[in-house]
Amino acid sequence: MWHRIAGFIIKFRIALLLVLLALTGLMAYYASQVQLSYEFTSAIPTDNPKYKDYQAFRKKFGEDGNMMVIGVQTDKFFDQQFFADYTALVSRLEKVKAVENVLSIPGAVNLVKDTATGKLQVVRLVPKGAIPNADSVKNVFYNLPFYKGFLYNPETKAYMMALNIDKKVLNSKNRTGVVKELVALADDFGKTHQVEMHYSGLPLIRTIMATQVQSEMKLFLVLSFILTAIILALFFRSFVAVLASMLVVAVGVVFSMGTIVLLGYKITLLTALIPPLIVVIGIPNCVYLLNKYHAEYNRHQNKAKALLRMVERMGIVTLFTNLTAAIGFGVFYFTKSNLLREFGLVAGINIMAVFAISLIFIPALFSFLPAPKGRHTSYLESAWMHKLLSMLTRWVFSHRIWIYSLTILICIVSVIGMMKLDTVGHIVDDLPKDGKVYTDLKFFESNFRGVMPLEIVIDTKKKNGAVSLPVLEKMDEMTTFLHQFPEIGHSLSITEGIKFARQAYYDGDSSSYAVPNVFDGAFIQPYLRAKAGSNNNMFNKLITAFVDSTKQQTRISVSMADVGSKRLPVLLDSIRPKTYQIFDSTKYNIKFTGTSIVFLEGSRFIINSLRDSLVLAFIMIFGCMVFLFRSWRVLLISIVINVVPLLITAGIMGWAGVPIKPSTVLVFSVALGITIDVTIRFLVNFKQELERHDEGIAKTVERTIHDTGLSIIYTSLILIAGFGVFALSEFDGTKSLGYLTSLTLLMAMITNLTLQPALLMWMDKAMMRKQKSPGWMKEDSGDTNAG
């Protein structure tokens with residue numbers, strides 16, 4: 001079969017190249033339309049109960065993840081000049097088109113009772129356009145408990161403003177410009193007064209991550225091209241070979257970007273990795289094909305015959321190496337996470353696409369080029385490489401017991417390390433710990449106990465139940481209880497607004513900031529009715545945002561620290577019993593939701609999905625091995641050879657304290673799909689040589705080490721260098737994916753060239769017996785050595 005395929009490619013090479021060129025042009029057109037994704041909750045399946053709760057919350061109360069905060073810490077905040085400039089800053093921020101409103105100290109409101117009518121009036125502390133008097137504002141503001149812990153921390157002299165940004169803008173490419181404009185305005189103020197400005201909130205974090213993803217994708221793509229080109233140049237010492245290989249992966253990259261658009265997807269943190277992955281996975285195809293072409297030409301000096309033999313002998317190898325790699329990625333499609341499904345489908349399709357591109361382009365192109373010169377094939381006789389492979393051969397033949405013992409010892413140590421693995425994820429998990437986004441988040445956590453949104457939705461099961469006095473009292477009790485947790489900051493609810501109103505009712509006495517009782521509660525219902533029709537001021541908008549249209553449901557909006565996926569369930573379990581004690585479950589429905597819960601639920605779901613997909617990848621990949629070799633002994637060897645590197649990596653993670661999180665679990669499926677390629681390359685060559693020369697197991701093992709060792713080492717170095725590029729990422733997750741995958745690939749190269757041949761030698765007698773029977777390592781018609 002592969003002989004016919006080789007003949008077809010050479011015969012119709014011009015037509016095939018023209019088709020490939022046309023397809024590349026078409027995919028380039030689609031690739032030019034690729035867009036960034038700004039969604040943060042796509043990791044969680046849409047049928048997940050927590051996702052449904054969150055969508056129901058958004059429908060009733062609006063977006064909870066559209067608040068950006070700007071903080072400053074200074075003891076001169078109420079100095080006249082500083083406060084005047086701060087007020088001017090707030091005015092400029094309010095004028096930014098996407099900003100819906102700014103909750104700040106200059107823009108804060110006070111409720112004042114009209115002595116003539118007894119009604120409450122809303123008064124800004126600093127009227128719009130007025131020159132603020134810092135001292136008078138300070139005296140009034142510090143007498144308003146509503147804002148304490150929310151806009152300022154009196155103990156640490158930290159002050160904050162909160163900006164609500166249009167959610168439509170946040171889900172578009174314009175968000176980057178908006179966030180940059182807001183930061184630039186605040187930075188100018190900070191430079192003027194020589195104070196550091198701090199920024200946080202999900203709009204900022206999402207924008208920084210999306211922008212960084214885009215820039216890193218370009219950087220990694222360029223670096224992976226440069227690194228692989230350098231290694232190929234050192235290997236082949238041929239400009240044409242390097243250029244051909246680069247063209248293959250360049251076309252593969254164009255196909256991958258075009259596929260993203262054709263499937264209706266956008267660039268995410270995961271799909272951004274696909275173009276550089278295509279480079280590092282596609283190059284080994286070129287190395288295997290060109291290495292075989294040069295070896296065959298070196299043997300008989302016949303270019304046409306060498307090209308045909310290249311496709312015949314390496315077609316089955318590259319098919320199965322790419323198929324197993326595609327399976328390693330493609331199994332993610334069978335998860336329920338959209339984020340993983342997109343990544344798996346695009347990666348799987350394009351790994352097979354780059355296989356087809358290399359299989360067509362390399363033989364077609366080189367059929368037009370002159371035969372290789374002596375310097376192009378001199379690497380086949382490399383003295384240092386021959387010495388290295390001879391050393392490996394001696395170890396396999398003379399020190400197998402040492403190889404087994406060392407492997408067992410390392411595996412035992414690795415298993416102990418695995419037992420130390422911990423599973424945890426944070427919203428800002430992948431951001432650098434010394435970066436401004438992370439340090440600013442810690443600023444808000446230390447001064448305001450965090451800015452991550454947690455929502456508690458209370459359904460009273462009856463119309464107007466949310467504004468009844470008993471419910472307000474229960475909500476106040478709940479808020480007081482929540483504040484005892486150090487990870488939970490300011491809680492905002494309709495109760496706080498009513499307490500604010502009561503304070504105003506008693507002429508601004510801060511000691512009256514409390515839930516009204518039966519004696520002074522007569523003013524509550526008229527006040528609530530009055531506010532329903534008035535949306536002209538910030539305070540009324542704040543109140544209406546916390547009750548649904550029927551006044552049956554209300555919410556407590558909590559700002560909290562990024563506690564992580566391990567602490568959050570414990571924290572919620574600590575809160576729930578008291579919650580159900582306050583709100584009788586027979587009378588109320590209570591739900592915990594918000595971006596914090598949805599994101600961390602998505603993180604937990606991804607980890608579980610990746611574990612499941614790893615098992616599925618094992619089954620499918622080793623199913624391919626059974627189909628290819630039809631031997632349970634070879635299957636057993638391949639399992640051992642590929643499990644050991646994964647085991648070592650997991651052990652190192654445990655000993656080094658690297659936690660299990662989406663980015664690190666991803667390593668195992670990715671690495672398995674790639675490391676099995678080396679095993680297939682070795683075993684297919686072993687199978688071919690065993691049947692071609694019939695020299696016995698020992699001699700065939702020695703021949704296979706020398707025949708495949710060169711290409712295995714170079715392709716492994718290319719893969720290690722390619723994945724090593726990811727270690728330069730600003731994201732800890734991408735960095736972990738880079739160095740952990742590189743480590744796994746290094747271990748796989750070592751085990752494939754030492755432990756694998758040692759195990760084949762150990763099974764010598766059994767394999768010799770099986771070799772005499774028709775079923776062992778025999779090729780059916782159309783199999784590996786067809787033609």
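This is a predicted model: local features need pLDDT of at least 70, side-chain atom pairs count only at pLDDT 80 or more; totals for chains, interfaces and linings use all residues.
How far does helix α9 (residues 239–262) reach from its first C-alpha to its last?

**Entry 1: helix α9.** Helix α9 has 24 residues, and I found a reach of 34 Å between its first and last C-alpha. That span is close to the 34 Å expected at 1.5 Å a residue.

**Entry 2: salt bridges in total.** I next turned to charged side chains. The count comes to 15 salt bridges. I followed several of them individually.

**Entry 3: a pair within one helix.** Lysine 436 and aspartate 440 meet through their side chains in a salt bridge, with N to O at 3.1 Å. Where do lysine 436 and aspartate 440 lie? I located both in helix α16 (residues 436–448), four residues apart, which separates them by about one helical turn. An α-helix has 3.6 residues a turn, so residues three or four places apart point the same way. Lysine 436 is partly exposed, at a relative accessible area of 37%, whereas aspartate 440 is buried, at 2%.

**Entry 4: a pair between two helices.** I then examined lysine 499, which forms a salt bridge with aspartate 476; their closest N and O atoms are 2.9 Å apart. Lysine 499 belongs to helix α18 (residues 494–505) and aspartate 476 to helix α17 (residues 469–482), so this pair ties together parts that are 23 residues apart in sequence. Are lysine 499 and aspartate 476 buried or exposed? I recorded both as buried.

Entry 5: Glutamate 477 forms a salt bridge with lysine 578, and I read 3.8 Å between the closest N and O atoms. Glutamate 477 is in helix α17 and lysine 578 in helix α21 (residues 564–582); the pair is 101 residues apart and links distant parts of the chain. I noted that glutamate 477 counts as partly exposed, with 39% relative accessibility.

**Entry 6: a network.** Which residues are linked with Glu296 in a network of salt bridges? I listed Arg299, Arg309 and Arg313 as linked with Glu296 in this network.

How values were computed. Residues are numbered from 1 along each chain as its sequence is written. Side-chain values use heavy atoms; hydrogens and water are left out. A salt bridge is a side-chain nitrogen of Lys or Arg within 4 Å of a carboxyl oxygen of Asp or Glu. Buried means under 20% relative accessible area, exposed over 50%, partly exposed in between (1.4 Å probe, protein chains only). The expected span of a helix is 1.5 Å times one less than its number of residues.
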